[in-house]
Amino acid sequence: MNTGVTLGFIGCGQMARALLGGFTRHRELLRSVILFDIDPTKAKALANDYGTAVADSGYSLVSGVDVVVLAVKPPQVKPVLREISPVLNADKVLISIAAGVTMESIREEIDPQVPVVRVMPNVPCLIGQGVMGLSFSEAVASDKQNVILELFSTVGLVEPVPEEYMDAVTAVSGSGPAFVFLVAEALTDAAVDVGLPRDLARRLVNQTLIGSSAMIQESGEHPALLRERVTSPGGTTIAGLRALESGGVRAAFFDAVSKACQRSARR
Ligand SMILES: NC(=O)c1ccc[n+]([C@@H]2O[C@H](COP(=O)([O-])OP(=O)(O)OC[C@H]3O[C@@H](n4cnc5c(N)ncnc54)[C@H](OP(=O)(O)O)[C@@H]3O)[C@@H](O)[C@H]2O)c1
């Protein structure tokens, strides 16, 4: 690590691990990485896995880096900002991945000249297949924007969005993997219900989700068109779809996204 940015993570939980895993696969983007967690064993474990350094406080971490990723849970954001604000300045970039924490509320705790970035990643970042909405404050210079876009692209698709979309992004792609996991679980149970062994059911369901997603992606067609093509008159698929519609599956998705969005906005 001798070119690129000096990067620090405050908070070494699940999402820090997912991001660091991708970032460190592209060491050319990083000069050095330093980690801090309130629980030193978590910081040391992550540092051992990725060959990085550990700081003894958030304050000392921020003193030594150009870019800080705040990867603590939303209620911890303000206390951490209060601790690090004396060493945050306009030459650094602060990136928050905390759900529902606005740039305005971040700026209440720090020098308003500090460039701030909000990112909403999702859990498939762990395997480099994430998707994230990302918003820059006006103070982030374009060369720094490019470095940050490049870094986050190592863990998935980055969609720059206006900050006003962040609650919706949180509900759709932040919470989305849990919705899809529920669909996978329900379809597997349904397969067992009609007599399939569970391990076979899981393989069938997993590959059906993978194959269907790949078709949506590769064909570029609207999912409704793809669905119509496999729905023959009087056939098995339309019988199943009718049951899904009468079970309110579409309305349930509208409600799920709307509730998650409202909760993100309330934080
Ligand atoms: N997981 C997701 O799918 C996901 C998706 C999108 C966004 N996010 C956002 O990502 C952020 C991190 O989520 P996560 O799932 O990675 O959480 P996590 O696994 O709980 O990790 C957060 C870590 O920060 C530590 N911590 C708490 N207070 C601290 C402090 N003052 N200084 C330094 N470290 C501190 C926690 O330690 P303790 O456990 O000891 O408190 C924990 O190790 C959250 O704000 C969340 O909204 C998560």
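In what order do the eight strands of the open sheet stand? The legends below start with that, and the model they describe is a predicted one.

**View 1. The whole protein, from end to end.** Here's the overall picture: this predicted model has twelve helices and eight strands. Its C-alpha atoms fill a box of roughly 70 × 35 × 30 Å along the principal axes. Of the 267 residues, 31% are buried. If you look at contacts with a separation of 6 or more, 68% of them link residues 24 or more positions apart.

View 2. The eight strands line up as β3-β2-β1-β4-β5-β6-β7-β8, and the pairing is mixed. At the edges you'll find β3 (53–54) and β8 (156–160); each has a single partner strand, so one side of each goes without a neighbour in the sheet. Take β8 and its pairing with β7 (residues 130–136): the two are parallel and share five bridges. One spot to look for is Gly133, with Glu159 of β8 standing opposite. As background, strands of a sheet pair through backbone hydrogen bonds, either parallel or antiparallel.

**View 3. Strand β4 and the strands it pairs with.** Zoom in on β4 (residues 67–70), where Val67 and Val69 point one way, Val68 and Leu70 point the other way, and all are buried. Four bridges tie β4 to β1 (residues 5–10), running parallel. Four bridges also join β4 to β5 (residues 93–96), again in parallel. Val67 is a handy landmark here: Leu7 stands opposite Val67, and in β5 the bridge partner of Val67 is Val93. To get from β4 to β5 the chain passes through α4, making a right-handed β-α-β crossover.

**View 4. The shell around the ligand.** Now for the ligand, which has 28 residues around it; the closest are Gly11, Gly13, Met15, Ala98 and Ala99. The largest share is that of α4, with four residues. By class, the shell splits into 17 nonpolar, seven polar and four charged residues.

**View 5. Pro115 in its loop.** Pro115 sits in the loop between α5 (103–107) and β6 (116–120). Is Pro115 buried or exposed? Pro115 has 22 other C-beta atoms within 10 Å, and 20 or more is the cut-off, so Pro115 counts as buried. Setting aside neighbours within four places in sequence, Pro115 is in contact with Val93, Ser137, Ala139, Val140 and Lys144. For a sense of scale, Arg27 is 88 residues away from Pro115 along the chain, and 24 Å separate their C-alpha atoms.

View 6. The protein is divided into domain 1 (5–162) and domain 2 (176–266). Taken over C-alpha atoms, the domain centres are 34 Å apart. How many residues does each domain bring to the contact? Domain 1 supplies five residues and domain 2 supplies four. On the domain 1 side, the residues touching domain 2 are three nonpolar and two polar, with no charged ones.

Technical notes:
Residues are numbered from 1 along each chain as its sequence is written. This is a predicted model: local features need pLDDT of at least 70, side-chain atom pairs count only at pLDDT 80 or more; totals for chains, interfaces and linings use all residues. A residue is near a molecule or strand if its C-beta atom, placed from the backbone, lies within 6 Å of it. Ala, Val, Leu, Ile, Met, Phe, Trp, Tyr, Cys and Pro count as nonpolar, Asp, Glu, Lys and Arg as charged, and the others, Gly among them, as polar. Domain bounds come from an automatic or database domain assignment. Two residues are in contact if their C-beta atoms, placed from the backbone, lie within 7 Å. A residue is buried if 20 or more other C-beta atoms lie within 10 Å of its own, exposed if 12 or fewer, and partly exposed in between; C-beta atoms are placed from the backbone. Two strands pair if DSSP finds at least two bridges between them. A crossover is right-handed if, with the strands pointing away from the viewer, the path from the first strand over the helix to the second runs clockwise.
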